[in-house]
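Subject: Handing over the structure

Hello,

Please find below the sequence and the structure that we spoke about. Once you have had a look at them, read on for an account of what was found.

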Amino acid sequence: MSRTALRICPLCEATCGLTLTVEGTRVTGARGDRDDVFSKGFICPKGASFGAVDGDPDRLRTPLVRRDGELREATWEEAFDAVAAGIRGVVDRYGANSVGVVLGNPNVHTMAGALYPPVLLAGLGTRSVFTASTVDQMPKHVSSGLLYGDANAIPVPDLDHTDHLLLIGANPLESNGSLCTAPDFPGKLKALKARGGTLTVIDPRRTRTAKLADRHIAIRPGADALLLAAVAYVLFEEGLVDTGELTAHLQGLDELRAAVQDFTPEAVADACDVDAGVTRALARELAAAPTAAVYGRIGSCTVPHGTLASWLVDVLNILTGNLDRPGGALFPQAATDRTPRPAGPSHGFALGRWHSRVSRHPEAKGELPLSALAEEIDTATTEGEPIRALIAVATNPVLSAPDGDRLDKALGSLDFMVSVDPYLNETSRHAHVVLPPPPPSQSPHHDFAFNTLAVRNQVRYTRPAVPLEPGRMAETEILARLILAATGMHGADPSAVDDLVIGQTLGKAVKDTHSRVHGREPGELTAALVGDTGPERRLDMMLRLGPYGDGFGVRPDGLSLTKLLAHPHGIDLGPLRSWLPQPLKTRSGKVELLPRPLADDLPRLREALRHKADGLVLVGRRHLRSNNSWMHNVPALTGGTNRCTLHIHPEDAERLGLKDGAAVRVKGAGGEVVTEAEVTDGVRPGVVSLPHGWGHNRPGTRLSHALKDPGVNVNQILDGSLLDPLSGNAVLNGIPVKLAAVAAL
């Protein structure tokens with residue numbers, strides 16, 4: 001007999017509510033939850049395929065341990081014994097920094113991935129930390145840290161109320177939004193136009209989002225910061241700057257005016273391939289709109305000046321008075337955030353507190369560039385030991401990082417590697433131990449990270465839709481045991497990890513004069529926590545201490561896990577609101593418009609005015625039925641238009657003698673791939689596009705469907721040397737490439 005169960009979708013950043021159909025222990029269907037307070041029934045093809053993702057027969061069901069060179073099924077006890085011996089042996093002999101930790105994008109899509117990696121990193125004490133952020137959004141974290149003093153203080157566009165939305169390097173009709181959590185992003189853009197608003201899209205591709213726009217500007221890839229700086233110049237030059245109520249919170253407005261003086265629309269026109277008149281019109285339209293929001297994403301992050309482009313997105317919102325303003329760009333306030341402290345000077349944000357061992361890349365937000373992982377493993381220097389052991393959690397850097405071939409070889413040379421992954425994929429195939437988490441239907445879900453980026457304040461939690469299958473281990477327990485094994489506490493009860501965090505958090509809270517529990521006894525508060533598991537008790541604690549919380553009884557109408565469980569479709573906490581200066585943590589207590597690291601990087605941007613690359617350049621692309629390399633093993637989410645082809649404009653195809661469907665060799669600084677040409681006017685002349693996350697053709701994996709149509713790894717074209725220097729983010733867009741026709745595939 002079938003039943004239904006609620007589940008928040010973990011397959012992209014939109015976090016839509018789902019109603020699952022469950023037969024026995026198998027998910028047989030998924031539809032949008034019409035009563036969900038946030039998504040209101042919206043669903044995309046990924047969410048509709050939840051059952052297929054959940055029930056993929058290639059998912060690992062038991063741990064694997066390498067014996068005599070082969071990965072073989074093992075018990076959980078055997079697996080964690082091997083982890084403890086492998087990691088602690090390396091730490092004891094070579095030190096903590098010889099253990100690298102790599103965290104992939106799926107970590108922010110699970111409760112376990114949000115709650116436990118910080119504890120792992122603190123316990124290990126390693127500085128060899130790498131995440132997917134440095135092939136994605138790190139420039140936004142760095143620019144936010146420098147502007148606001150907090151790398152996680154990222155304003156999002158008020159999609160439901162803005163009059164003018166300018167998107168640069170973003171394609172939310174395919175991605176469902178990113179660093180902007182918004183179920184039914186397409187519907188919100190259509191609603192914007194229906195109420196008489198304006199949508200402007202800046203993108204070298206005529207994406208589905210660009211087709212919806214009132215104005216589409218096909219910029220030359222990589223020139224995002226130049227164009228944005230020119231818009232800022234026009235705002236100053238034509239007297240269009242109006243910071244309004246923001247003025248009292250700003251520092252450095254005059255210095256900013258001087259800093260953009262070289263970036264006139266005429267000066268940037270050739271490098272951007274954007275007419276000066278169009279740039280001036282952009283500035284005037286932004287300034288004239290009753291409310292406006294500028295939003296930039298991965299296309300403007302994964303370029304040589306990604307941090308400057310991310311900074312200038314916020315600068316334009318500030319200069320037009322639209323930061324922290326309804327209808328503009330606002331700071332969300334999640335239910336599990338800390339209660340805001342009174343406004344005032346704080347600790348600020350620092351870059352480069354340490355550097356990578358080989359190329360001396362500065363850390364950003366505690367991370368080193370993922371592009372540097374291979375050299376940190378395979379290169380000896382006098383600056384300390386190379387990485388000899390690796391902990392990889394929900395990550396596949398062989399496909400997501402530049403020069404996967406080099407990283408592939410480097411991983412094979414490690415003394416020890418443990419991978420937490422449901423699949424034996426291109427990266428986990430190198431592990432000595434693979435720890436497979438259960439399918440998402442068997443896990444609880446709360447979005448810790450994405451609620452800090454949501455376009456409406458709300459809170460939702462779903463317990464597992466299906467009981468944990470016999471022989472499986474909850475992902476939260478897997479990571480708790482991994483922490484104990486890696487930090488010298490192997491064999492302790494995994495609940496000790498949650499107890500430790502709860503004790504430390506409440507111990508600090510009762511000493512904090514700004515906390516609602518100041519002066520109370522930690523033991524009393526600990527005893528008051530509810531929840532069936534350690535993670536639920538931690539969620540209860542965070543909700544009760546948070547900005548909407550009950551303060552452990554201080555506010556009877558406040559949030560707690562008990563109250564949240566009584567509202568299975570979530571609790572609406574209201575629209576985004578203005579609340580500067582509370583989010584600011586800068587040393588001045590103000591928005592610091594021109595921090596020194598950004599000012600020091602501007603000469604490099606001025607140099608770009610004089611160097612326009614000739615020839616073809618490569619950009620990536622995303623498909624609605626895909627999320628990086630996660631889902632290519634699910635038949636329902638591949639095929640059709642979701643294929644790994646090279647988009648090329650008809651003019652370029654004719655010049656190079658390429659026919660639609662023909663085999664084409666794409667060569668860059670890091671290597672070459674051979675793929676299928678797809679001739680389309682969806683890209684501008686001079687630009688070609690390959691999707692990322694493909695290349696499922698390496699031996700030793702267990703991805704039966706992905707192997708049937710593996711595609712090619714676009715990141716193999718890169719050698720990893722091109723980085724945005726401030727953030728360490730890989731340059732993945734605007735890459736010079738050469739094409740050549742080859743014999744038929």
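Predicted model: local features only at pLDDT ≥ 70, side-chain atom pairs only at ≥ 80, totals over all residues.

Tyr-148 deserves a look of its own, and if you leave aside the neighbours within four places in sequence, you will find Tyr-148 in contact with Ala-153, Pro-155, Asp-314, Ile-318, Leu-323, Phe-331, Pro-583, Leu-584, Lys-585, Thr-586 and Val-591.

**A parallel sheet and a helix on it**

Four strands, in the order E11-E10-E9-E13, form an open sheet in which the pairing is parallel. Strand E11 (215-217) and strand E13 (292-296) stand at the edges and have a single partner strand each, so one side of each is left without a neighbour in the sheet. From one strand to the next, the twist averages 10°. Strand E10 (residues 198-202) pairs with E11 over three bridges, and Thr-200 stands opposite Arg-215 in E11. Helix H15, residues 306-319, packs on the sheet and touches strand E9 (164-168) as well as E13, and the direction of H15 makes about 175° with that of E13.

Not counting residues up to four places away in sequence, Leu-165 touches Pro-157, Leu-159, Leu-189, Leu-192, Thr-198, Leu-199, Thr-200 and Ala-293. Between the C-alpha atoms of Leu-165 and Ser-300, which are 135 residues apart along the chain, the separation is 16 Å.

**Strand E15 and its partners**

In a regular strand the side chains alternate between the two faces of the sheet. In strand E15 (residues 389-393) both faces are covered, with Ala-389, Ile-391 and Val-393 buried on one side and Leu-390 and Ala-392 buried on the other. Strand E6, which runs over residues 99-103, pairs with E15 in the parallel sense over five bridges, and Val-102 stands opposite Ala-392 there. E15 also pairs with strand E16 (residues 416-420), again in the parallel sense and over five bridges, and in that pairing Ala-392 stands opposite Ser-419.

**Helix H12**

Which residues of helix H12 (residues 265-272) are buried? They are Pro-265, Val-268, Ala-269, Ala-271 and Cys-272, and the buried residues of H12 pack against H10, helix H13 (276-288) and helix H24 (596-608). Just after H12, Asp-273 takes a positive phi of about 60°.

**Cavities**

Rolling a probe the size of a water molecule over the atoms shows where empty space is left. Here the count comes to seven cavities of 30 Å³ or more, and the largest cavity has a volume of about 90 Å³. The largest cavity is lined by 14 residues, and Lys-140, Pro-155, Tyr-295, Gly-296 and Val-313 lie nearest its centre. Strand E8 (156-157), E13 and H15 each supply at least two residues of that lining.

With best wishes

Methods
Residues numbered from 1 in each chain as written. Heavy atoms only, no water. Buried < 20%, exposed > 50% of the residue type's maximum accessible area, 1.4 Å probe, protein only. Pairing = 2+ DSSP bridges. Contact = heavy atoms within 4.5 Å. Axes fitted to C-alpha atoms, helices over the stretch in contact; angles between N-to-C directions. 1 Å grid on protein atoms, 1.4 Å probe; cavity = no way out; pocket = protein on both sides within 12 Å on 5 of 7 lines; lining within 4 Å. Points joined across faces, edges and corners; volume = space filled by probe spheres on them.
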